[in-house]
Amino acid sequence: MPAPSPSRLRSSPRSRTGARPRSRRMPRVLPYPLRVPDSKFAPRGLSAPARSRAPPALRAAARAPPARCPRARCRGPPKPRAPARRCPLARPAPCSRRSRRALPYRLVLAALDIVRQGADVMPRSQLNAVLDAELGPGWTSKLRSFDYEPLAAASIGQVHHAVMKDGLEVAMKIQYPGVADSIESDIENVKLLLNYTNLIPKGLFLDRAIKVAKEELSRECDYLLEARNQKRFRELLSDSEGFYVPLVIDEMSSRKVLTTELVSGIPIDKVALLDQETRNFVGRKLLELTLKELFVFRFMQARSELSFCHLTVKLKTDPNWSNFLYDEASKIINLIDFGAACDFPRSFVDDYLRMVVACANSDRDGIIEMSRRLGFITGQESEVMLDAHVQAAIIVGLPFSKPGGYDFCANNITPSISNLGATMLKHRLTPPPDEAYSLHRKLSGAFLACIKLRAVVPCRELLLQVHREYKFSDDQTEVLSTAAS
């Protein structure tokens with residue numbers, strides 16, 4: 001039997017022996033010379049001795065500019081392709097070693113952001129069932145109108161616009177069914193995710209942060225508690241110029257429904273687009289409010305976020321700008337969302353004010369002593385840890401260190417604090433006190449708001465005014481001896 005022709009072998013998927021040919025490609029000659037980088041790498045794939053033995057023609061061709069393919073003449077030079085849009089969870093491009101260490105952190109943030117943005121709105125039937133169960137079947141008789149399209153949706157509920165019988169416009173915050181019952185399991189799942197990805201260093205004391213987060217989220221799911229907090233803040237700020245707390249409508253509120261007066265305004269990130277005078281005013285009022293809440297009221301408006309270290313690392317780094325709505329016409333800041341508001345013990349506030357002033361005066365001994373009394377350090381830390389802790393405290397105190405306006409835009413302290421974070425996480429011996437989690441979120445949020453606004457604020461003047469009017473519960477005021485200077 002005659003042997004099959006070569007053309008038959010090429011067209012048949014298998015030869016007579018049943019073996020598939022190794023390659024069905026035919027060698028071809030490129031219409032343009034091979035372009036290889038400079039002699040350091042040309043010809044590509046050859047070792048140094050092989051490069052030295054390469055024919056001169058090949059080496060010359062490798063260094064010559066590439067000829068264009070004849071078929072490309074009619075199309076002109078190739079157009080640059082636009083970069084493809086990437087999913088936030090897609091594998092990132094190669095990056096530096098420092099950025100590579102942050103990849104798990106970014107992936108987790110991207111995943112949580114997708115989950116947060118993908119929350120579904122309650123259907124009308126479910127919404128009516130919740131309102132009937134919480135307010136009674138006749139809740140509609142108390143309203144002139146109710147908008148089933150939500151104004152906003154958050155992680156635990158959604159907000160609807162309504163109008164009372166007397167014409168008062170209100171905002172009704174309605175909690176998703178089952179949210180309060182799932183807090184324990186949800187946070188444990190977050191903890192499992194963080195442990196699985198090795199995202200949290202040992203120095204962050206994840207168990208303590210998880211415990212505090214559970215307590216804060218449990219408080220935020222109790223709308224009756226939030227209503228009491230809002231009424232308390234409304235009374236405390238009744239004589240404070242520039243702030244307003246909306247009225248709570250008790251007859252339309254319950255444990256899972258909170259109805260308050262509807263207020264208008266723009267969030268802080270939109271205030272950043274206004275003129276410098278307005279930005280300075282809002283920045284000063286926000287910092288004034290923060291100091292007043294801590295050192296005068298000892299009762300602070302906060303928001304529950306899963307934070308894992310004071311002043312250094314947080315799962316969510318940006319404050320919630322929508323907690324403050326600025327009414328440009330009346331120059332009033334409307335305050336909303338009091339679910340995670342908390343009290344602070346008098347002894348804690350006494351020592352914390354001493355430490356803030358020690359930070360403002362760069363008093364190393366005062367910082368270490370007050371930090372030990374407050375529970376930020378044990379007194380057994382290494383010199384490396386103490387130096388990093390003191391440096392971070394002094395940097396935080398920079399806005400309060402000198403008289404006059406402090407320019408938050410020209411003096412961003414956030415990068416300096418972040419650079420000290422790795423040392424503090426490595427050498428820390430004890431977690432911060434429970435009060436520090438919400439307190440430092442509030443303080444860092446006020447600083448970040450001023451940075452966002454690019455505001456110039458007389459911070460030291462505000463601090464000294466608080467100190468002059470503060471009444472300590474003991475006579476230990478020696479740390480503050482330089483504050484009046």
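Predicted model: local features only at pLDDT ≥ 70, side-chain atom pairs only at ≥ 80, totals over all residues.
1. Now for the overall picture. The protein has 485 residues, and buried ones make up 42% of them. Its secondary structure comprises 17 helices and twelve strands. If you take the contacts between residues at least 6 apart in sequence, 68% of them join residues at least 24 apart.

2. Salt bridges deserve a point of their own. How many does the structure hold? The count is 20. One of them brings together the side chains of E226 and K173, at 2.9 Å from N to O. E226 belongs to helix α9 (residues 223-236) and K173 to strand β4 (residues 169-175), so this pair ties together parts of the protein 53 residues apart in sequence. Are E226 and K173 buried or exposed? Both of these residues are buried.

3. Another pair to look at is E288 with K285, where the closest N and O atoms of the salt bridge are 3.6 Å apart. Both residues sit in helix α11 (residues 276-297), three residues apart, or about one turn of the helix. In an α-helix there are 3.6 residues a turn, so residues three or four places apart point the same way. K285 counts as buried because its relative accessible area is 10%, under the 20% cut-off.

4. Some salt bridges share partners, and in this way R208, K211, E215 and D434 are joined into one network.

5. Why does K442 count as buried? Its relative accessible area is 10%, and the cut-off for buried is under 20%. Setting aside neighbours within four places in sequence, K442 is in contact with T290, E293, M300, Q301 and F324.

6. D474 sits in the segment that follows α17 (459-469). With 28% relative accessibility, D474 is partly exposed. Residues up to four places away in sequence aside, D474 touches R354 and R373. D474 and D350 are 124 residues apart in sequence, yet their C-alpha atoms are 8.5 Å apart in space.

7. Which residues touch the most other members of the largest nonpolar core? Among the 70 residues of that core, they are F295, L335 and Y352. Helix α12 (residues 346-360) supplies the largest share, ten residues. The core also draws at least three residues from each of domain 1 (102-262) and domain 2 (265-298 + 344-480).

8. Not counting residues up to four places away in sequence, L335 touches L237, F243, Y244, V245, P246, L289, Q301, N323 and F324.

9. Helix α15 (residues 414-427) has a feature you can look for by eye. Where is its kink centred? The kink is centred on G421 and amounts to about 35°. Over its 14 residues, α15 reaches 21 Å from first C-alpha to last, close to the 20 Å expected at 1.5 Å a residue. G421 is also one of the buried residues of α15, together with I417, L420, M424 and L425.

10. The buried residues of α15 pack against α14 (383-396). Helix α14 has 14 residues and a reach of 20 Å from its first C-alpha to its last, close to the 20 Å expected at 1.5 Å a residue. Its buried residues are M385, L386, A388, H389, V390, A392, A393 and I395. What covers these residues? The cover includes α12, α13 (364-374) and α15.

Note on methods:
Residues numbered from 1 in each chain as written. Heavy atoms only, no water. Helix = DSSP H or I, 4+ residues; strand = E, 2+ residues; numbered from the N terminus. Expected span 1.5 Å × (residues − 1). Bend = angle between axes of the 7 residues up to and from the residue. Buried < 20%, exposed > 50% of the residue type's maximum accessible area, 1.4 Å probe, protein only. Contact = heavy atoms within 4.5 Å. Salt bridge = Lys/Arg side-chain N within 4 Å of Asp/Glu carboxyl O. Core = buried A, V, L, I, M, F, W, Y, C linked by side-chain atoms within 4.5 Å. Domains from an automatic or database assignment.
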